[in-house]
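This briefing is intended for a reader who is meeting a protein model at the level of single residues. Please keep the sequence and the structure in view while reading.

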Amino acid sequence: MALRDNAARKLANTTKSPPQLPAITPRWLVSLLQWLPVEGGVYRVNRAKGDDPVEVACGARDERELPSTFVDYEEAPREYNLSVLSTVLDVHTRVSDLYNQPFDQIREQLRLTIESVKERQESELINNQDYGLMSNAAPSQRISTREGPPTPDDLDELIARVWKEPAFFLAHPRAIAAFGRECTRRGVPPPTVNLFGSPFVTWRGLPLVPSDKLFIEGEGAGGKTSILLLRVGEKKQGIVGLFQPGLPGEQTPGLSVRFMGINQKGIGQYLISLYCSLAVLVPDALGILENVEVGSYHDYR
């Protein structure tokens with residue numbers, strides 16, 4: 001007879017992984033935006049009235065021929081108030097006292113909760129009814145696909161709407177896969193580029209950045225979504241993210257963690273708050289391709 005495995009394992013240490021959260025994604029949109037600190041929680045977007053260029057003389061022979069002009073401003077510019085995402089994390093002191101090795105229970109609970117808050121942040125940047133990208137595209141910047149999956153022609157039309165230094169497309173992974181299949185079917189497979197150490201499909205040199213926060217309406221082959229094209233940065237009159245700097249307990253820009261104390265049940269409470277918003281500085285910084293068919297999961301086999 002020999003010592004059996006099951007009995008021997010009683011004396012062996014188990015190597016453990018930190019807790020895994022399948023919902024965590026790369027959140028490329030947050031990384032690719034320019035983020036501006038906001039004083040007082042409000043950001044005002046000042047714009048000139050109208051789209052006509054300022055009148056300028058060319059080849060005037062004397063000063064009497066110079067036109068008189070000025071640039072007028074909108075009298076009621078839009079103001080963006082920072083939105084707050086917050087939650088309270090509860091950790092029983094008994095848990096942190098007894099079960100704190102090899103992983104710090106409070107640290108792991110905070111890490112996973114912060115990741116969940118940041119996932120919600122990316123969803124709000126896209127879908128929030130007030131400041132989200134989907135709600136803030138001008139009617140003239142919205143186009144619809146012809147029936148079927150997204151085609152190179154569709155993305156070219158989107159580039160024509162956001163032609164002043166576009167930065168990247170934003171699309172659901174299934175929409176990107178549908179576009180790749182359509183390109184391959186036409187004999188023009190899209191090239192890839194490496195960003196942040198990961199490969200991205202591109203079209204006309206612009207990366208198609210994946211985000212599962214773009215909703216798919218309907219199931220199966222009839223599922224539809226949207227593809228966005230963004231220009232980013234304040235200097236380029238693009239799209240900017242907004243955050244509140246200098247928060248008490250700041251962990252990352254705009255996100256703070258504050259210990260709220262221990263209640264009579266021995267539960268320690270931590271308030272996690274994230275302040276953010278998003279602004280489209282001029283209408284042609286954002287274009288949306290709507291009614292994009294993504295196909296069914298059978299198409300990926």
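The model is predicted. It contains 6 helices and 15 strands. The radius of gyration of the protein is 25 Å, whereas a compact globule of 301 residues would have one near 19 Å.

**Overall form**

- Along the principal axes, the C-alpha atoms of the protein fill a box of roughly 105 × 50 × 35 Å.
- The accessible surface of the protein amounts to about 18000 Å², and 51% of that surface belongs to carbon and sulfur atoms.
- Of the 301 residues, 40% count as buried.
- Among contacts between residues at least 6 apart in sequence, 76% join residues at least 24 apart.

**The largest pocket**

- Rolling a probe the size of a water molecule over the atoms shows where empty space is left.
- The largest pocket has a volume of about 660 Å³.
- Its lining is formed by 25 residues, and those closest to the centre are Ala48, Gly50, Asp51, Gln237 and Val282.
- Sorted by class, the lining of the largest pocket comprises 11 charged, 10 nonpolar and 4 polar residues.

**The second largest pocket**

- The second largest pocket holds about 280 Å³ of space.
- It is lined by 13 residues, of which Met134, Phe215, Glu217, Thr225 and Ser226 are the closest to its centre.
- Two strands, β10 (224–230) and β15 (286–293), each supply at least two residues of this lining.
- Strand β10 gives the most to the lining of the second largest pocket, namely 3 residues.
- By class, the lining of the second largest pocket has 6 polar, 4 charged and 3 nonpolar residues.

**Buried residues in helices and strands**

- Is Glu182 buried or exposed? Glu182 counts as buried because its relative accessibility is 9%, which is under the 20% limit.
- Glu182 is part of helix α6 (residues 173–185). Leaving aside residues up to four places away in sequence, Glu182 touches Pro149, Pro150, Thr151 and Pro152.
- Ser256 belongs to strand β13 (residues 255–262). With a relative accessibility of 1%, Ser256 also counts as buried.
- Residues up to four places away in sequence are again not counted for Ser256, and its contacts include Leu247, Pro248, Leu271 and Ile272.
- Ser123 sits in helix α4 and is buried, at 14% relative accessibility.
- Not counting residues up to four places away in sequence, Ser123 touches Asn128 and Lys213.
- How far apart in space are Ser123 and Leu214? Their C-alpha atoms are 7.7 Å apart, although the two residues are separated by 91 residues in sequence.

**An exposed proline**

- Pro139 is located in the loop between α4 (105–127) and β5 (142–144).
- Pro139 is classed as exposed because its relative accessible area is 73%, and the class requires a value over 50%.
- Pro139 and Asn263 are 124 residues apart in sequence, and their C-alpha atoms are 52 Å apart in space.

**Backbone features in loops**

- Most residues other than glycine have a negative phi, and most peptide bonds are trans.
- Which form does the peptide bond from Gln101 to Pro102 take? The bond is cis, and its omega is near 5°.
- Pro102 is placed in the loop between α3 (93–98) and α4.
- Phe196 is not a glycine, yet it has a positive phi of about 55°.
- The position of Phe196 is in the loop between β7 (192–195) and β8 (198–203). Phe196 counts as exposed, with 52% relative accessibility.
- Gln237 likewise has a positive phi of about 55° without being a glycine.
- Gln237 lies in the loop between β10 and β11 (239–243). Its relative accessible area is 47%, so Gln237 is partly exposed.
- Gln237 is also one of the residues closest to the centre of the largest pocket.

Definitions and conventions: Residues numbered from 1 in each chain as written. Predicted model: local features only at pLDDT ≥ 70, side-chain atom pairs only at ≥ 80, totals over all residues. Heavy atoms only, no water. 1 Å grid on protein atoms, 1.4 Å probe; cavity = no way out; pocket = protein on both sides within 12 Å on 5 of 7 lines; lining within 4 Å. Points joined across faces, edges and corners; volume = space filled by probe spheres on them. Nonpolar A, V, L, I, M, F, W, Y, C, P; charged D, E, K, R; others polar. Helix = DSSP H or I, 4+ residues; strand = E, 2+ residues; numbered from the N terminus. Rg over C-alpha atoms; globule rule 2.2 N^0.38 Å. Buried < 20%, exposed > 50% of the residue type's maximum accessible area, 1.4 Å probe, protein only. Contact = heavy atoms within 4.5 Å. Areas by Shrake-Rupley, 256 points an atom, 1.4 Å probe, with all protein chains shown as cover.
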